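Me: I have a model open and would like to know how its labels were reached. Could you go through them with me?

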Amino acid sequence: MTEKEAIKRIKDHMEVHALKEIRAIYITQALNMSIKALKEIQQYRKIGTVKECRAAMKKQNPKKPVKRSFIIPYEGIDVCPNCKEPINKKEHHCKCGQAIEWSDEEC
Ligand SMILES: [Zn+2]
């Protein structure tokens, strides 16, 4: 069940209680809080998980490229310190989003 489906079911349930019970106000307040919490979770899911946000923030810190020299055909090629894909000196960010720090003499 998704948050959207849960919200719909809670709203349907609230209507049933409101029609049958005079004191439905208490459960209605609690269910309204539940709907509010579920809507907040929906917003957080759009942003990403805490783990995903931390990983994205970590990529913002520029890292120096790594020289790949242990494989003969790629000897001397700079690779991304994050995903290990080859990068050229014009790139300030790898395709994976990692910020690349080039020293002045290398640019
Ligand atoms: Zn990368």
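This is a predicted model: local features need pLDDT of at least 70, side-chain atom pairs count only at pLDDT 80 or more; totals for chains, interfaces and linings use all residues.

Me: How do you know how many disulfides the structure holds?

Reply: The count is zero. Residues are numbered from 1 along each chain as its sequence is written, and side-chain values use heavy atoms, with hydrogens and water left out.

Me: What makes a residue a donor of the zinc ion, and which residues are donors?

Reply: Donors are N, O and S atoms within 2.8 Å of the metal (3.2 Å for Na, K and Ca); water is not among the atoms, so sites may look incomplete. The SG atoms of Cys80, Cys83, Cys94 and Cys96 coordinate the zinc ion at 2.3 to 2.4 Å, so they meet that cut-off. Their spacing in sequence is C-x2-C-x10-C-x1-C. Cys80 and Cys96 both lie in the segment after β2 (77–79), so this pair ties together parts that are 16 residues apart in sequence.

Me: Why is the site of the zinc ion called tetrahedral?

Reply: Four donors count as tetrahedral if all angles lie between 85 and 135 degrees. Here the angles among the four donor atoms are 102 to 118°, and the site is therefore tetrahedral. As a reference, ideal angles at a metal are 109.5 degrees for four tetrahedral donors.

Me: Is Cys80 buried or exposed, and how do you know?

Reply: Buried means under 20% relative accessible area, exposed over 50%, and partly exposed in between (1.4 Å probe, protein chains only). Cys80 has 0% relative accessibility, so Cys80 is buried. Cys83, at 29%, counts as partly exposed, and so does Cys96, at 24%. Of the 107 residues of the protein, 22% count as buried.

Me: Why does Glu3 count as buried?

Reply: Its relative accessibility is 15%, so Glu3 falls in the buried class. Glu3 is found in helix α1 (residues 3–20); helices are DSSP runs of H or I with at least four residues, strands are runs of E with at least two, and both are numbered from the N terminus.

Me: What is Glu3 in contact with?

Reply: Contact means heavy atoms within 4.5 Å. Leaving aside neighbours within four places in sequence, Glu3 is in contact with Leu38, Ile41, Gln42 and Arg45.

Me: How do the elements of the protein run?

Reply: From the N terminus on, they run α-α-α-β-β, with three helices and two strands in the protein.

Notes:
A disulfide is a pair of cysteine sulfur atoms within 2.5 Å. Four donors count as tetrahedral if all angles lie between 85 and 135 degrees; four count as square planar and six as octahedral if opposite donors are over 155 degrees apart and all others between 65 and 115; anything else is irregular.
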